[in-house]
Amino acid sequence: MTALPYVDGNMLDGPLGEVFAVDLSSATARCAHCGTPGPVAGLRVYSHAPGLVARCPTCVEVMLRLVRAPDRAWLDLRGATFLQFPMSPDR
Amino acid sequence: MGIVTPGFQGRPRSGTPDLPPGQYLTPDFPVLSAGPTPKVPQDQWEFVISTETGTEHRWSWAELMALPQETPTVDIHCVTRWSKLGTTWRGVSLDTLLDGVESAADYALAHSYGGYTTNLPLDDLRDGQAWLVHTYDGDDLPAEHGGPARLLVPHLYFWKSAKWVRGLHLTIEDTPGFWETAGYHDYGDPWREQRYQGD
């Protein structure tokens, strides 16, 4: 059996945890290309690359890119029309 | 007693060619990819150079193979810090492909099967600096390394050597590509360590 060339979006927890104050593992993202919403944890992340490239599991278009330099990071979300986070109603 | 035998320090440093700053030497050929590997049959493959006026120049696989072929041996440097020296390829010089293409453009945006893009100054594709290669180390270029054909622009970081390339769009204005719009340097000279924007 050949290993898949990607891992699931759970691996984004650590890298995006550097950028976001919220836990992205429970977030939902909507693909800007095909419109399918789904859990960030279900994205296909290509990590053997100069940055992380997360693709829609439905249409395989790019939804998120994260490039990490030693002193800076770039997050490109143009492929996602929204990120939805669960929030506590007890505020 | 230490686990490293005194006196064994690998190859003498004087025998190691200089590497660009921040790079290490690898005997392997790592596979980097930002997405699924496109599978493009040779009989469906084509390469298109389109100019800023909309003129298109097309080559089929057979037409590419009928052009004069070169066998460059070059060093390659990946922005993820590995370098590989003395790699041998076979393909067609971009000088040959650009010969007869009338254009006032200063830039090229390479685009690939699978959607990848990368931008280069057109001058960096001329004068024996760039090839469209279909063979690596004597064998057909494997799909994971960009086959049937990829760009080879060894004087720039290897993300500029677009895998699965299907064409060049020649433009008056510079148009940043896939990695160049996500923080990577617009030009990417390994000897000046131009990894990220602002380097």
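Analyst: What follows goes from the contact between the chains to the sheet on one side, then to the rings and strands on the other.

This is a predicted model, in which local features need pLDDT of at least 70 and side-chain atom pairs count only at pLDDT 80 or more, while totals for chains, interfaces and linings use all residues. Residues are numbered from 1 along each chain as its sequence is written, chains are lettered from A and ligands numbered from 1 in the order in which they are written, and side-chain values use heavy atoms, with hydrogens and water left out.

The contact, meaning heavy atoms within 4.5 Å, draws on 18 residues of chain A and 17 residues of chain B. Together the chains bury about 1,500 Å², with 61% of it on carbon and sulfur atoms; buried area here is the accessible area (1.4 Å probe) that two parts lose on being put together, summed over both. Of the area that chain A buries against chain B, 36% comes from Pro50(A), Arg65(A) and Trp74(A), more than from any other three residues.

Helices (H or I, at least four residues) and strands (E, at least two) are DSSP runs numbered from the N terminus, and two strands pair if DSSP finds at least two bridges between them. Chain A has an open, antiparallel sheet of five strands in the order β1-β4-β5-β6-β7. In chain A, β1 (7–8) and β7 (73–76) each have a single partner strand, so these edge strands are left without a neighbour on one side. Strands β5 (residues 52–55) and β6 (residues 62–68) of chain A pair antiparallel over four bridges, and Arg65(A) in β6(A) is the bridge partner of Val53(A).

The charged end of Arg65(A) reaches across to chain B, where it sits over the ring of Phe178(B), 4.6 Å from its centre; a charge sits over a ring if NZ of Lys or CZ of Arg is within 6 Å of the ring centre and within 35 degrees of the ring normal. Within chain A, Arg55(A) likewise lies over the face of Tyr46(A), 5.9 Å from the ring centre.

Phe178(B) also belongs to a cluster linked by ring pairs, together with Trp74(A), Tyr116(B), Tyr157(B), Trp159(B), Trp179(B), Tyr184(B) and Tyr196(B). Rings of Phe, Tyr and Trp (its six-membered ring) pair if their centres lie within 6.5 Å, with planes under 30 degrees apart counted as stacked, over 60 as edge-to-face and the rest as tilted; the count is 18 aromatic pairs over all chains. Trp45(B) and Trp61(B) have ring centres 5.1 Å apart and planes at 90 degrees, so the pair is edge-to-face.

Trp45(B) is buried at 3% relative accessibility, and Trp61(B) is buried at 11%, where buried means under 20% relative accessible area, exposed over 50% and partly exposed in between (1.4 Å probe, protein chains only). The rings of Tyr116(B) and Phe178(B) have centres 5.8 Å apart and planes at 45 degrees, so that pair is tilted. Tyr116(B) lies in the loop between β6 (107–112) and β7 (117–121) of chain B and Phe178(B) in the segment after β11 (165–171), so the pair ties together parts 62 residues apart in sequence. Tyr116(B) is buried at 15% and Phe178(B) at 12%.

Five of the seven residues of β11(B) are buried, so this strand is largely enclosed by the rest of the structure.
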